[in-house]
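Hi everyone, thanks for making time. I'd like to walk you through a structure I've been looking at, so let me put it up on the screen.

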Amino acid sequence: MDFTARRIVTGHDADGRDVILSDGRPPGTVETDGFGVARWLWLDGTPATVDDGGDAPEGPLVLEPPPGGCSVMVIRFPGGADWIRVDGDDPDRPGMHATDTLDFVAVLDGHLVLGLDDGEHELGPGDVVVQRGNVHRWRVAGDAPCTYVVCLVRPDPAAASAPTVALAPASAAGAGRPRRLVAGARPDGTSYVAADGSPPCALSPGGDDGVALVELWQSGGPLATPEQGGDPEPGWVLEPRGGGVAFRWVRLPAGHDPGEAGWHTTATIDVDVVVSGQLELALPDTEPVVVGPGEAVVQHGTHHKWQPVGDQPVEFVSVMLAVG
């Protein structure tokens, strides 16, 4: 997979029409000596409208967004067995760190090792991780590079102290896919794997039409703490539950044509990242564009339709942020 860092941004023109605002590498993209990083979305705080958010401020790379904000990055590391160091870590436990954020990670290519206090956990292409403010570290497994996308959502101090909808605890049961690892912190602060397996909430996983829509995580409402969230009760709802954050995985089989029923709009800011296959994005009265593996679409409440192209199925992950 090439590190294109390509990002398509959709939004609205002066007349309110749905348009493509940009297509290419975001400003500040870095690629050198096998390392690459690009910021696809930066939110300074809790979004009030679908048009909020944009490029990160100029200057040194900042990992964590401000309270209520969100950062989505694509990162590539060259192969190597060493833990990836961070500022201020303990040389006796290189790379170990924690952020006050709810993190979603999806591996796009290569193999990545997540280090927790309970051991090392290797991840491969298509695997996803949910981290809830716990200590952790990363290293690339093997000599090949690894590319992954990470979304960090910072709690809003003004948010309610509990989700506004009921969520089940993190579970490894069910027939959904892909593999999802949920990490967390014990009362003593040590990190561990709370669930590792298939998320239980999915729409038509492995159904006759080959379409699969899988819930990877729901915050259940505006984020008040990194520990917040879980698996929603059965039943598919397009908008994030309770006006919160949704993390999802979608599979569309080759040849799938949703027709007019495929057109939809949500009052959300979305980051959609292709893991495999070729995916066509259509907006009204606009020439469709095709995105491939490792490329992203950032949508600001636009009316759109997805359709796979070519003879391979498409798999992509999506982060949806409710506004208002």
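So, which residues touch the most other members of the largest nonpolar core? They are F104 and F247, and that core has 38 residues. Before I go on, keep in mind that this is a predicted model.

Let's stay with F247 for a moment. Setting aside residues up to four places away in sequence, F247 touches F104, V105, V128, V129, V130, V214, E215, L216, W217, V317, S318 and V319. There's another core too, lying apart from that one: it has 21 residues, including M73, F77, I84 and C146.

Now, strands. Strand β18 covers residues 245-252 and pairs with β24, residues 314-322, in the antiparallel sense, over eight bridges. To pick out one partner, A246 is bridged to M320 in β24. Both strands belong to an open sheet of eight strands, and its order runs β2-β1-β22-β19-β24-β18-β16-β15, with mixed pairing. At the edges you'll find β2 (18-24) and β15 (202-203), each of which pairs on one side only.

Last stop: D127. Look for it in the loop between β8 (119-123) and β9 (128-132). Is D127 buried or exposed? D127 counts as buried because its relative accessible area is 13%, and the cut-off for buried is under 20%. What does D127 contact, leaving out neighbours within four places in sequence? That would be V105, A106, V107 and R179. With R179 there's also a polar contact of 3.3 Å between the two side chains.

Technical notes. Residues numbered from 1 in each chain as written. Predicted model: local features only at pLDDT ≥ 70, side-chain atom pairs only at ≥ 80, totals over all residues. Heavy atoms only, no water. Core = buried A, V, L, I, M, F, W, Y, C linked by side-chain atoms within 4.5 Å. Buried < 20%, exposed > 50% of the residue type's maximum accessible area, 1.4 Å probe, protein only. Contact = heavy atoms within 4.5 Å. Helix = DSSP H or I, 4+ residues; strand = E, 2+ residues; numbered from the N terminus. Polar contact = N/O pair within 3.5 Å; in protein donor to acceptor, adjacent residues only side chain to side chain. Pairing = 2+ DSSP bridges.
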